Amino acid sequence: MAIKFGRPIEMRDDATRNHPRTAAAPSLDLSTRMRRNRKSEWARRLVRENVLTTDDLIWPLFVVGGNNTRTPIASMPGVERLTVDQCVRDAERAMKLDIPCLALFPYTDPSLRDDNGSEALNADNLVCEAVRAIKKEFPELGLLCDVALDPYTSHGHDGLLHDGRILNDETVAVLVQQALVQAEAGCDIIAPSDMMDGRVAAIREALDDAGFLDVQIMAYAAKYASAFYGPFRDAIGSSKTLTGDKRTYQMDSANSDEALREVELDIAEGADMVMVKPGLPYLDIVRRVKDTFAMPTFAYQVSGEYAMIAGAANNGWIDGERAMMESLVAFKRAGADGVLTYFAPAAAEKLKGQR
Ligand code: PBG
């Protein structure tokens, strides 16, 4: 007697015709019980579709001047501003936890901020100093630097402000110089977060001309004007100084097709990786971008998302550890290859069974 695997071919064809999206869509089968595959932990592990690993994590750090100091950020419980020496200590922690990459953001002393964000071009600014210090001890650790002027401008905008308008091409010219300064310091990934038009092409060309052929670009390709950046602006000290909002350059949160056009342009301009930001409220965008372009696609679980989970957990309103892991695997489910997240060290410890 012939052994049959599954249902006869004719039936499967028939079923497929009525359900074009699923190859073997069953007709209503009362013996189906979805709970069988959930009956125990081993069974759930066996059918699990997505996994988070430490390879998926990029850990953002905030750098501040001074020595041997860690300053808590009130609106981001558990996150601190670090002096350069302390950044090196966290880099060591990242190495031990198998986190592949750090992202660096500066808290610039207010006295160094000006209209043009000129401190961004100082080869000895905090970010460049931190890059050199970390690379010296841990050359194998990936380093990502944000390209935008907001940590350096007195008005808190990502670009040059003139008569109440953010100038595009003039800003791009400065961002190119900022990227070169960071690459010179040893940064591996340049991440333009400014949302000016044409910046990826200009940065790519300048990097190549200067011989930085291997420096990658991760474009903040679909970055939305979001209320969820609030705690970040506390962290870098721009929340009080920001005049107006960023809606003339960051995207309208109601738009989705527009995100695909943004991503398409950044890829055409030479982006190696693309990012969607914020994260959880924009998982639909992550999925569309991944499905449309099949590019290395990242999501930024931003400061406000972190604050909501950490704040609720600290109040005893949710189980913080479970909410953290659930939110991170959601990015994988949506198609992200990796996540920038302030939870990176805690999640890595959890994944390695250290908490
Ligand atoms: C700067 C920048 C911002 C973030 C990353 N890079 C803030 C902004 O655009 O206002 C936000 C990150 C976070 O909220 O965690 N251009």
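A disulfide is taken here as a pair of cysteine sulfur atoms within 2.5 Å. With that in mind, a search of this whole structure, which is a predicted model, turns up 0 disulfides. Cys101 is one cysteine in no disulfide, and its nearest cysteine sulfur, in Cys187, lies 8.3 Å away. Cys101 counts as buried because its relative accessibility is 6%.

What about Cys187 itself? The cysteine sulfur closest to that of Cys187 belongs to Cys145, at 3.5 Å, which is too far for a bond because the cut-off is 2.5 Å. Cys187 has 2% relative accessibility, so this residue counts as buried too.

## The nonpolar core

Let's turn to the inside of the model. The largest nonpolar core holds 111 residues, and the ones with the most contacts inside it are Phe62, Leu102, Ile134, Leu207 and Met218. Helix α5, covering residues 169-185, gives this core its largest share, 9 residues.

Setting aside neighbours within four places in sequence, Phe62 is in contact with Ile73, Met76, Val79, Glu80, Arg81, Leu82, Phe105, Phe232, Ala235, Ile236 and Tyr342. That list includes the charged residues Glu80 and Arg81.

## A nonpolar patch on the surface

Now for the outside. Trp42, Leu46 and Val47 form a nonpolar patch on the surface, and together they have about 360 Å² of accessible area.

Leu46 sits in helix α2, which spans residues 41-47. Is Leu46 buried or exposed? With a relative accessibility of 68%, Leu46 counts as exposed, since the cut-off for that is over 50%.

Conventions: Residues numbered from 1 in each chain as written. Predicted model: local features only at pLDDT ≥ 70, side-chain atom pairs only at ≥ 80, totals over all residues. Heavy atoms only, no water. Buried < 20%, exposed > 50% of the residue type's maximum accessible area, 1.4 Å probe, protein only. Core = buried A, V, L, I, M, F, W, Y, C linked by side-chain atoms within 4.5 Å. Helix = DSSP H or I, 4+ residues; strand = E, 2+ residues; numbered from the N terminus. Contact = heavy atoms within 4.5 Å. Patch = residues over 30% accessible without salt bridge, like charges linked within 9 Å, V, L, I, M, F, W, Y side chains within 5 Å. Areas by Shrake-Rupley, 256 points an atom, 1.4 Å probe, with all protein chains shown as cover. Salt bridge = Lys/Arg side-chain N within 4 Å of Asp/Glu carboxyl O.
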